[in-house]
Amino acid sequence: MVSLDSPITIVRPHLIEFGVGTAERLGKWASEKGYGRILVISDAFNAQRVDVLALQGDVTIFADVTPEPDTANLDKVLAAANAADADLVVGFGGGSAMDLAKLAAVLAGSSQTLQEVVGPNKVKGPRRVALAQVPTTSGTGSEAGIRALVTDPNTKAKLAVESLHMLADIAVIDPALTFTVPARITAATGVDAMAHCVEAFTNRKAHPMVDLYAIEGTRLVGKYLARAVKDGSDAEARAGLSLASLYGGFCLGPVNTAGGHALAYPLGTRWHVAHGAANALIFPHVFAFNTPSVPEKTKVVMDALGRGASDSIQSVFDAAYAFCAELGIDMTLSGLGVPKDDLDAMADDAFAIRRLLDNNPRDLSRADIRAIYEAAF
């Protein structure tokens with residue numbers, strides 16, 4: 001953990017609209033800015049309700065975003081972006097749509113390729129187009145951040161691009177857009193939002209300026225996730241989760257995630273398990289594993305979730321596992337279709353994700369990772 005006087009950089013979208021019914025404000029903002037050629041990057045479901053954004057002018061809709069997008073999906077997005085010649089790009093959907101919108105905003109019409117911008121601060125500015133983000137799930141917090149991830153289908157590794165040039169000009173967070181999210185997805189994405197907060201809070205790079213958002217985001221998930229799973233039209237609960245997701249996004253920029261996300265990534269890249277479901281399954285295992293290194297913060301997290309636990313690894317695991325399982329989340333790798341003979345390759349892949357593992361408060365060896373996968377099977 002870093003000290004209070006350690007340097008930190010905090011960034012936010014230039015404008016954030018939050019609350020039920022705010023979706024239509026994007027259209028008003030775009031008109032006031034004079035944006036007349038707009039590209040909306042979305043998935044098949046959300047593409048059918050772009051009207052809620054009240055966009056005016058020449059609106060092109062890309063409706064083929066796939067879960068856990070790979071470089072081929074990005075290539076299709078960039079082709080659409082180049083054809084549209086938009087002055088505003090809108091990410092409308094979950095984290096996949098918003099990440100692809102970030103990349104489209106900086107790569108369309110650029111001389112740079114994806115491979116040339118992978119890593120931190122490699123995108124050449126300034127950006128030629130405006131960028132708006134409108135999340136329709138409560139999980140990734142991608143609307144608030146400066147990172148985008150796509151999968152390399154050859155290596156099955158996540159390619160991470162980080163740049164201030166991918167920061168949204170406006171983020172519109174309308175909880176009403178999440179009312180139709182099914183209970184199972186609500187549960188998994190809610191735990192993903194919590195994992196962003198918890199992994200930042202217990203991180204080697206944890207900072208008091210970010211801890212504020214991390215613990216409040218965790219508390220909001222503890223208070224509202226079960227309610228939203230039970231009743232998807234519960235506006236207060238949905239708003240609470242939307243705020244938790246946003247706070248999780250605030251945590252990702254300056255601190256980022258750690259071991260939990262590193263172990264979850266191979267589930268998505270190798271077996272196409274949805275990001276939220278992968279993180280929800282892995283969360284109790286890595287959270288409990290880290291307990292000896294961050295016992296006080298672990299207790300703060302459990303209190304925020306309304307779950308009592310002693311400071312033993314088993315007690316923490318049992319409480320965190322119960323929190324996830326009671327939401328109806330599938331908590332076994334076998335249940336998600338992951339074959340046991342792939343656990344070794346998954347452990348190799350996870351152990352190679354140093355940008356996240358090096359943040360973890362307790363060192364995770366390859367043997368530790370393999371043991372966690374075995375326990376989760």
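## Sheet and covering helix

Contact itself means heavy atoms within 4.5 Å. A word on provenance: this is a predicted model, where local features need pLDDT of at least 70 and side-chain atom pairs count only at pLDDT 80 or more, while totals for chains, interfaces and linings use all residues. Residues are numbered from 1 along each chain as its sequence is written, and side-chain values use heavy atoms, with hydrogens and water left out.

Two strands pair if DSSP finds at least two bridges between them; S1 and strand S9 (residues 170-173) have 4 bridges, in the parallel sense. Within that pair, Ile16 stands opposite Ala171 in S9.

Now for the loops. Arg127 sits in the one between strand S5 (119-120) and strand S6 (130-135). A polar atom of the Arg127 side chain lies 2.7 Å from the backbone oxygen of Val129, and the backbone oxygen of Leu167 is 3.0 Å from a polar atom of that side chain. The polar contact rule is a pair of N or O atoms within 3.5 Å; within protein, one must be able to donate a hydrogen and the other to accept it, and residues adjacent in sequence count only if both atoms are side-chain atoms. Leaving aside neighbours within four places in sequence, Arg127 is in contact with Ala105, Val106, His165, Met166, Leu167 and Asp169.

Thr291 is in the loop between helix H9 (275-289) and helix H10 (295-304). Is Thr291 buried or exposed? Thr291 is buried, at a relative accessible area of 1%; the scale is buried under 20% relative accessible area, exposed over 50% and partly exposed in between (1.4 Å probe, protein chains only). A polar atom of the Thr291 side chain lies 3.4 Å from the backbone oxygen of Phe287. Not counting residues up to four places away in sequence, Thr291 touches Thr298, Asp311, Ile313 and Val316.

## Salt bridges

How many salt bridges does a search of the whole structure find? The search finds 22, taking a salt bridge as a side-chain nitrogen of Lys or Arg within 4 Å of a carboxyl oxygen of Asp or Glu. One of them joins the side chains of Lys102 and Asp99 at 3.8 Å, N to O. These two are 3 residues apart in helix H3 (residues 95-107), so about one helical turn separates them. Lys102 counts as buried at 1% relative accessibility, and Asp99 is buried too, at 11%.

Arg227 and Asp234 form another, with the closest N and O atoms 3.0 Å apart. Here Arg227 is partly exposed, with a relative accessible area of 31%, whereas Asp234 counts as buried at 16%. In helix H14 (residues 366-376), Glu374 and Arg370 lie 4 residues apart, about one turn of the helix, and their side chains meet in a salt bridge (2.8 Å, N to O). Salt bridges that share partners join Lys340, Asp344, Asp348, Arg366, Arg370 and Glu374 into one network. Glu374 is partly exposed, with a relative accessible area of 34%.

A disulfide is a covalent bond between the sulfur atoms of two cysteines; the cut-off used is a pair of cysteine sulfur atoms within 2.5 Å. The structure holds 0 disulfides. Cys197 is in none, and the nearest cysteine sulfur, that of Cys251, is 4.6 Å away. Cys197 counts as buried at 0% relative accessibility, and Cys324 is buried with a relative accessible area of 0%.
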